[in-house]
Amino acid sequence: SGLLDGMPFYSRSSALAPHVAILKSKATLRQLQALGNWLLVESTAKDLTVDDLIYEAQSKLGGVSLLRETTDNLISADEAVTRTLNELQARWESPGALAGLTTGIPQLDRLIGGIRPGGYYCIAAGTGIGKTTLALNMVNSILADGARHDRAVAGLMISLEMTCPELIVKLIGINTRIDTSRIESGNLSPEEKAAFLKASREISEHHLDFIEGFGKITPQTLAAMVERVKLKYGRIDFLCIDYVQLVDGDKKALDNEYARTSEVSRELKRLALHHNMPVIVLSQLNRQSTQRSNQDYNLSDIRSTGQIAQDANVVMFLMPEDWNNKEDMRRRLHIAKNRGGKNEVTIPLIFFPQHSRFAVLEESYS
């Protein structure tokens with residue numbers, strides 16, 4: 001017996017619905033034809049640069065798709081309740097299952113319910129603390145969990161600081177626990193070389209695409225990349241961006257870093273909700289925190305804007321255990337914001353930089 005058994009919910013279909021769909025489709029086609037005519041005229045004129053023309057065309061096309069989304073995404077109260085009860089029933093039938101994708105850190109999974117579809121997650125830290133490595137560990141756990149359960153998981157990793165080979169070397173180090181400097185030099189034992197080749201083959205089989213951010217990356221181009229991955233694999237399960245302050249704004253007027261990062265954050269939140277996928281962003285911090293006696297981070301330390309802290313479902317700060325001892329690889333993952341549960345919780349971790357790996361810090365660790 002299901003949760004919905006005996007409940008008076010009805011699927012209300014209107015006889016007019018097919019005719020409304022035809023009218024909407026014809027109206028959209030007329031808009032697209034008008035856009036095509038506009039492009040034909042403007043591309044032969046010399047009033048706009050190529051970049052301006054592309055931006056204007058993307059904006060106009062976005063207006064067409066937004067109109068369709070606005071009309072297609074109307075959900076009645078009975079449909080919303082029915083969908084919610086179905087989701088709750090599935091969750092109650094598997095009480096140990098996560099609502100989202102695993103981070104590879106059990107305490108964090110229990111706290112936030114995993115990386116959930118439609119969620120917006122921020123990992124913030126200072127330079128050299130290991131935020132990129134932590135994000136890669138999470139991505140690796142998501143992909144490995146999918147492979148273990150014979151479940152295809154597709155994702156997009158956008159790095160605006162590191163090259164694709166650098167990221168792959170880190171992923172190999174995570175999976176093999178081989179020193180990444182030795183992977184770079186090729187100084188491997190026969191056993192390590194076999195492990196290296198095995199990890200390389202397994203990583204190559206994942207549905208994971210990379211974008212190196214050496215060109216201009218804007219919310220519009222991000223949306224286009226997500227659509228390409230979705231078309232390629234038939235789905236997209238997560239987007240990870242390293243790091244958010246390096247994403248360019250779409251609007252030329254947004255030269256101010258605060259306004260630009262605020263716009264980017266809002267667009268990423270919309271992208272997560274539109275595709276029902278989690279977006280994981282890495283963020284830099286303001287330097288003021290290093291000048292305080294207590295250097296522990298807080299939400300106001302996120303660089304450039306307060307919009308990220310406002311938009312995000314979860315904000316995590318990665319901090320040293322001892323600020324004065326750079327040799328100490330103990331780390332604290334502090335949950336400063338958790339929209340779905342408890343916040344102000346700290347999870348102890350240990351960083352293995354030579355393997356690009358994080359692990360949960362055991363209580364017995366000395």
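Glu 192 has a relative accessible area of 19%, so Glu 192 is buried. The cut-off explains the label, because buried means under 20% relative accessible area. The model is a predicted one.

Glu 192 has a charged partner. Arg 182 forms a salt bridge with Glu 192, and the closest N and O atoms are 2.3 Å apart. Arg 182 sits in helix 7 (residues 180-185) and Glu 192 in helix 8 (residues 190-204), so the pair ties together parts that are 10 residues apart in sequence. Arg 182 is partly exposed, at 28% relative accessibility.

The structure holds 8 salt bridges. Three of them are listed here, including the pair above.

| Salt bridge | N to O distance |
|---|---|
| Arg 182 and Glu 192 | 2.3 Å |
| Arg 235 and Asp 237 | 2.6 Å |
| Asp 328 and Arg 330 | 2.7 Å |

The other two pairs can be read for cover as well. Arg 235 is partly exposed, with a relative accessible area of 37%. Asp 237 is buried, at 13% relative accessibility. Asp 328 is buried, with a relative accessible area of 11%. Arg 330 counts as partly exposed, at 28%.

Now the whole chain. The protein chain has 11 helices and 9 strands. Of its 366 residues, 42% are buried. Its accessible surface comes to about 20,300 Å², and carbon and sulfur atoms account for 53% of that. Among contacts between residues at least 6 apart in sequence, 65% join residues at least 24 apart.

Which residues touch the most other members of the largest nonpolar core? They are Leu 108, Leu 134, Leu 239, Leu 268, Met 316, Phe 317 and Leu 333, in a core of 77 residues. Helix 5 (residues 131-148) gives the most to this core, with 7 residues. Nonpolar side chains tend to be buried together in soluble globular proteins. Leaving out residues up to four places away in sequence, Leu 268 touches Tyr 120, Leu 222, Ile 241, Val 244, Val 279 and Val 281.

Tyr 120 leads on to strand 1. Strand 1 runs parallel to strand 5 (residues 279-283), joined by 5 bridges. Tyr 120 stands opposite Val 279 in that strand. Strand 1 also pairs with strand 6 (residues 314-320), again in the parallel sense, over 4 bridges. There, Val 315 is the bridge partner of Cys 122.

Pro 278 lies in the loop between helix 10 (257-275) and strand 5. Is Pro 278 buried or exposed? Its relative accessible area is 1%, so Pro 278 is buried. Pro 278 and Gly 119 are 159 residues apart along the chain, yet their C-alpha atoms are separated by 4.6 Å. Beyond its sequence neighbours, Pro 278 touches residues including Gly 119, Tyr 121, Asp 237 and Leu 239. Asp 237 is also the salt-bridge partner of Arg 235.

Asp 209 is found in strand 3 (residues 207-212). Its contacts, leaving aside neighbours within four places in sequence, are Gly 155, Leu 156, Met 157, Val 229, Lys 232 and Tyr 233.

Last, the surface. Leu 29, Leu 32 and Leu 61 make a nonpolar patch of about 250 Å². Leu 61 is in helix 2 (residues 50-72). Leu 61 is partly exposed, at 44% relative accessibility.

Notes. Residues are numbered from 1 along each chain as its sequence is written. This is a predicted model: local features need pLDDT of at least 70, side-chain atom pairs count only at pLDDT 80 or more; totals for chains, interfaces and linings use all residues. Side-chain values use heavy atoms; hydrogens and water are left out. Patches are made of residues with over 30% relative accessible area and no salt bridge: like charges are joined within 9 Å, nonpolar side chains (Val, Leu, Ile, Met, Phe, Trp, Tyr) within 5 Å. Accessible areas come from the Shrake-Rupley method with a 1.4 Å probe; for residues, only the protein chains shown count as cover. A salt bridge is a side-chain nitrogen of Lys or Arg within 4 Å of a carboxyl oxygen of Asp or Glu. Helices (H or I, at least four residues) and strands (E, at least two) are DSSP runs, numbered from the N terminus. Buried means under 20% relative accessible area, exposed over 50%, partly exposed in between (1.4 Å probe, protein chains only). Two strands pair if DSSP finds at least two bridges between them. Contact means heavy atoms within 4.5 Å. A nonpolar core is a set of buried Ala, Val, Leu, Ile, Met, Phe, Trp, Tyr and Cys residues joined through side-chain atoms within 4.5 Å.
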